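Grab your viewer and work through the exercises below. Each one sets a task and then walks through a solution.

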Amino acid sequence: LITYPMPGGEVCVKELWRMAFGVLWEVCADEAEAVGFFDGIFADRPGGEERLARQISGRFNTPLTSSAGRGFDAAAALIGLNTRALYARQATWELEAVAERKTSPFPYGLDTGVRPWRLDTRPLFAALRAEAGRGADISGIAGSFHATLANMVVETCAALRQDSGIARVALSGGVFQNELLTALVVEGLEKMDMKPFVHHRVPCN
């Protein structure tokens with residue numbers, strides 16, 4: 001996965017609007033567009049975007065992350081579902097809870113010409129931003145977000161099978177606590193005649 005800046009570091013885990021700005025910084029054409037879109041969503045935080053922009057451009061306390069969890073946080077904030085988490089993975093659970101089950105995925109990129117391969121989620125967040133901007137229902141956006149992540153996993157595994165001949169896939173890590181995402185990935189892998197393995201005795205995180 002490509003990386004996004006976390007202005008403020010670990011505080012982004014609770015203050016999800018920070019992570020949303022980090023995503024906008026990479027998705028928008030320039031700083032002015034990122035600031036403008038942020039203002040439109042987070043009008044209750046006047047001046048906050050300027051501080052975050054200075055943090056990111058100055059690389060002050062702004063580590064990079066490729067965490068799927070931070071992607072869920074940013075998505076939840078960008079669609080107005082939640083901007084501040086009170087406990088770990090709150091945004092993930094809330095995004096799953098409102099998600100429609102049958103939706104079309106957003107676009108994304110998979111570059112197999114580099115090592116390691118790179119999944120680009122910027123097209124995903126650009127589409128999510130556009131849908132949120134036109135006032136689309138958050139259930140549909142959340143559903144498409146899940147569908148996109150599932151497609152990313154399935155397409156990557158299918159490409160790896162062509163490269164290695166391995167058709168067995170172990171699904172592990174905290175993101176697979178998300179039952180909807182796991183179900184979509186398992187369904188997609190089985191349609192590709194691949195064998196998914198999920199946790200039963202030990203939690204996946």
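**Exercise 1: the core**

Task: find which residues of the largest nonpolar core touch the most other members.

Solution. Step one, the membership: this core has 56 residues, and F21, V23, L95, F125, L128, F145 and L189 touch the most other members. A nonpolar core here is a set of buried Ala, Val, Leu, Ile, Met, Phe, Trp, Tyr and Cys residues joined through side-chain atoms within 4.5 Å. Buried means under 20% relative accessible area, exposed means over 50%, and partly exposed is in between (1.4 Å probe, protein chains only).

Step two, the elements: α1 (16-27), α2 (31-41), α3 (48-58), α4 (68-78), α5 (90-98), α6 (122-133), α7 and α8 each give two or more residues to this core. Helices are DSSP runs of H or I with at least four residues, strands are E runs of at least two, and both are numbered from the N terminus.

Step three, zoom in on L95: skipping residues up to four places away in sequence, L95 touches F72, A75, A76, I79, L81, A142, F145 and H146. Contact means heavy atoms within 4.5 Å.

A word on the source: this is a predicted model, where local features need pLDDT of at least 70, side-chain atom pairs count only at pLDDT 80 or more, and totals for chains, interfaces and linings use all residues. Residues are numbered from 1 along each chain as its sequence is written, and side-chain values use heavy atoms, with hydrogens and water left out.

**Exercise 2: α4 and its neighbours**

Task: work out how enclosed α4 is, then describe how α4 packs on α6.

Solution. Start with burial: nine of the eleven residues of α4 are buried, so this helix is largely enclosed by the rest of the structure. The buried ones are R70, G71, F72, D73, A74, A75, A76, A77 and L78, and they pack against α1, α2, β2 (64-65), α5, α6 and α7.

Now the geometry: the axes of α4 and α6 are 10 Å apart, at an angle of about 20°. That makes α4 roughly parallel to α6. Axes are lines fitted to C-alpha atoms, for helices over the stretch in contact, and angles run from 0 to 180 degrees between N-to-C directions. Under 35 degrees counts as roughly parallel, over 145 as roughly antiparallel, 65 to 115 as roughly perpendicular and the rest as oblique.

Finally, the contact: G71, A74, A75 and L78 in α4 meet F125, L128 and A132 in α6. By class, that is six nonpolar, one polar and no charged residues. Ala, Val, Leu, Ile, Met, Phe, Trp, Tyr, Cys and Pro count as nonpolar, Asp, Glu, Lys and Arg as charged, and the others, Gly among them, as polar.

**Exercise 3: α7 against α8**

Task: classify the packing of α7 and α8.

Solution. The axes of α7 (residues 138-164) and α8 (residues 179-191) come within 9 Å and cross at roughly 40°. That makes α7 oblique to α8. On the α7 side, H146, A147, L149, A150, V153, V154 and C157 take part, meeting L180, L181, L184, V185, G188 and L189 in α8. This contact has eleven nonpolar, two polar and no charged residues.
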